[in-house]
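Take a look at the protein shown here. The report after it walks through a few of its local features.

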Amino acid sequence: VAVLGATAVVALIGLSSLATLRSQRLTALSMTSAASARLYARSAIELGMQLISSDSAWRTSRTSGPWLANLPIGDGQMSLSVTDADGNLANRPTDAVTILGTGKRGSAVQLMQATLVASGVPLDALGMALHTAGELHIESGASLTVQGAPASTNGSFRNQATVNGSVQC
């Protein structure tokens with residue numbers, strides 16, 4: 001009876017060790033799948049950024065919404081969606097764009113999002129309080145007051161009155 005009891009205890013220890021190893025293996029597999037899915041989601045975002053940078057007419061040649069669905073990558077899949085605030089990419093070139101990348105591997109699904117904000121160099125004339133392409137003429141009896149920025153012209157400046165502030169021509 002003692003030998004039978006000891007054998008049962010040893011068998012129970014062996015079975016619990018196997019169950020622990022199986023659980024650890026499944027945890028490691030789940031973590032690996034999640035890490036791979038995260039990399040696939042990031043790859044989808046980078047692919048979206050590459051598609052945007054390689055096509056100068058992307059706002060008119062593509063629509064807001066899904067661009068790629070379940071594209072195979074490695075041992076998983078990736079999806080890509082590009083949207084802007086009003087759902088119309090073509091109406092304003094300065095709208096911020098949200099890129100959503102989805103990566104899948106096994107039962108793991110990861111989502112990653114990036115927002116692209118348009119930037120540019122403003123026209124010099126926008127930094128002026130007043131700007132004209134032609135002649136800037138202040139007639140007698142009138143006055144011009146500018147604050148915060150100068151008045152400017154690409155042509156000539158003719159002053160027959162009072163100017164309070166700076167003028168560039």
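## The model

This is a predicted model: local features need pLDDT of at least 70, side-chain atom pairs count only at pLDDT 80 or more, and totals for chains, interfaces and linings use all residues. Residues are numbered from 1 along each chain as its sequence is written, and side-chain values use heavy atoms, without hydrogens or water.

Rings of Phe, Tyr and Trp (its six-membered ring) pair if their centres lie within 6.5 Å; planes under 30 degrees apart are stacked, over 60 edge-to-face, the rest tilted. The count here is one aromatic pair. Trp58 and Trp67 form it, edge-to-face, with centres 6.3 Å apart and 65 degrees between the planes.

Both Trp58 and Trp67 are buried. Buried means under 20% relative accessible area, exposed over 50%, and partly exposed in between (1.4 Å probe, protein chains only). The charged end of Arg62 sits over the ring of Trp67, 4.6 Å from its centre. That label needs CZ of Arg or NZ of Lys within 6 Å of the ring centre and within 35 degrees of the ring normal.

## A buried strand residue

Thr102 belongs to strand E3 (residues 97-105). Strands (E, at least two residues) and helices (H or I, at least four) are DSSP runs, numbered from the N terminus. Thr102 has a relative accessible area of 15%, so it counts as buried. Its contacts (heavy atoms within 4.5 Å) include Ala41, Met78 and Leu111, leaving out residues up to four places away in sequence.

## An exposed leucine

Leu21 lies in helix H1 (residues 2-54). Its relative accessible area is 53%, so Leu21 is exposed.
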